[in-house]
Amino acid sequence: MAQSDHPIPPEMRRARGATRSDSGRFERLTRHADPEIWEEERDFSVIRTHVRTEQVKSAINYVRSPDLPFDRSINPYRGCEHGCIYCFARPSHAYLGLSPGLDFETNLIARPNMAEILARELRSKTYRPATMAIGTNTDPYQPIERGHGIMRECLDVLDAFNHPVAIVTKGTLIERDIDILSRMAQRGLARVGVSVTTLDADLSRKMEPRVPVPARRLETIKRLSEAGIDVRIMMSPVVPGLTDHEMESVLAAGHRAGAKAASWIMLRLPREVASLWQDWLVEHYPYRAQKILSKLRDMHGGELYSARWNHRMRGEGVFAKLVAQRFNRAARQYGLDGPLPKLRTDLFEPPPQPGDQLTLL
């Protein structure tokens, strides 16, 4: 991918994570910001969020990875307005002919028939239930969910089918769905992971520009927990040289908020994310950039990232082992080291629909 030497001016990308919007790796032509044009156009307009829709033909995405604790997921949206600069899902936007940079957080795709197709697939005679993961790619509770409501529709389907679900989010909008989630949790069908990468509100605003501030996410953990929903606090990702020193504090805060478990993942920089991350570092933390990049290379055999199974989530080497040891110790200290209860699959049953033949008993 050809990279731009000149990022889009800050005036245009307020509350955005990426500094540029270069072409994806599959594009025949490349695009980049022209500094001469930016100098002439003094009346900058802020880059707005645009949402289009697509009708999906299938809802459930099956995955086979030894690194993941699930084998299926659904994604109500493509792209994510939260704009987390480190998001490992950014490269997926290149498959759409869009930039993994600013396009990923400003040109979004909503999938309004997701719940309808999900219900159809769950009714298949060959379907066998297992925990459905949501939020493992892009956040289902990003800001546009407030208007589209696709996630809530999907939860309604899973609730009706007695189907287990595990959700990962940074979005406080999940509180809107506590009514459904608490009902499912009572039947052993729902749990939630809330990602808190740092307790520093200023750092969070730079690194995750449209995500609720850390204190607000901790409040969400509290509200979910009080509603009887098992919550895991997730320090995902841990950024070496920038957030790793907060690990114990983050777990302590999660414990006080009511989390019952904890997990962590090391910063991952696949494909275009590596260059976007480096640009962000130079702009926001130029004096720490080399230290941070050096630690990442130490964990990945001299590269910024390695996609090897059983390696990509944590890295290896002295620093990676130290982080793991610190996490394990803190998790034990705060009672967050045990697994959450396994979600039930034995209750799964498609609900009756118009035209079904009634049983005699």
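Modeller: A residue is called exposed when its relative accessible area is over 50%, buried when that area is under 20%, and partly exposed in between. Glu116 has a relative accessibility of 57% and therefore counts as exposed. This residue lies in helix H3, residues 114-122. Its C-alpha is 8.3 Å from that of Val157, although 41 residues separate Glu116 and Val157 in sequence. Please bear in mind that the model is predicted.

The salt bridges come next. Counting a Lys or Arg side-chain nitrogen within 4 Å of an Asp or Glu carboxyl oxygen, the structure has 23 salt bridges. One of them joins Arg187 to Asp159, with 2.7 Å between the closest N and O atoms. This pair connects distant parts of the chain, 28 residues apart: Arg187 sits in the loop between helix H6 (178-186) and strand E8 (190-195), and Asp159 belongs to helix H5, residues 150-160. The two partners can be classed by accessibility: Arg187, at 23%, is partly exposed, and Asp159, at 12%, is buried.

Another salt bridge is formed by Arg326 and Asp244, whose closest N and O atoms are 3.8 Å apart. Here too distant parts of the chain are linked, 82 residues apart, with Arg326 in helix H12 and Asp244 in the loop between strand E9 (230-238) and helix H9 (247-257). Both Arg326 and Asp244 are buried.

A further pair is Arg344 and Asp346, where the closest N and O atoms lie 2.7 Å apart. Arg344 is partly exposed, at 36% relative accessible area, whereas Asp346 is exposed, at 55%.

Now to the interior. In soluble globular proteins, nonpolar side chains tend to be buried together. The largest nonpolar core of this model comprises 98 residues, and Leu118 and Trp277 have the most contacts inside it. Helix H12 (residues 318-333) gives this core its largest share, 7 residues. Beyond its neighbours within four places in sequence, Trp277 touches several residues, among them Ile85, Tyr86, Met207, Val239 and Leu242.

Finally, a word on cysteines. The whole structure contains 0 disulfides. Cys80 is buried at 8% relative accessibility, and Cys84 is buried at 7%.

Notes
Residues are numbered from 1 along each chain as its sequence is written. This is a predicted model: local features need pLDDT of at least 70, side-chain atom pairs count only at pLDDT 80 or more; totals for chains, interfaces and linings use all residues. Side-chain values use heavy atoms; hydrogens and water are left out. A nonpolar core is a set of buried Ala, Val, Leu, Ile, Met, Phe, Trp, Tyr and Cys residues joined through side-chain atoms within 4.5 Å. Buried means under 20% relative accessible area, exposed over 50%, partly exposed in between (1.4 Å probe, protein chains only). Helices (H or I, at least four residues) and strands (E, at least two) are DSSP runs, numbered from the N terminus. Contact means heavy atoms within 4.5 Å. A disulfide is a pair of cysteine sulfur atoms within 2.5 Å.
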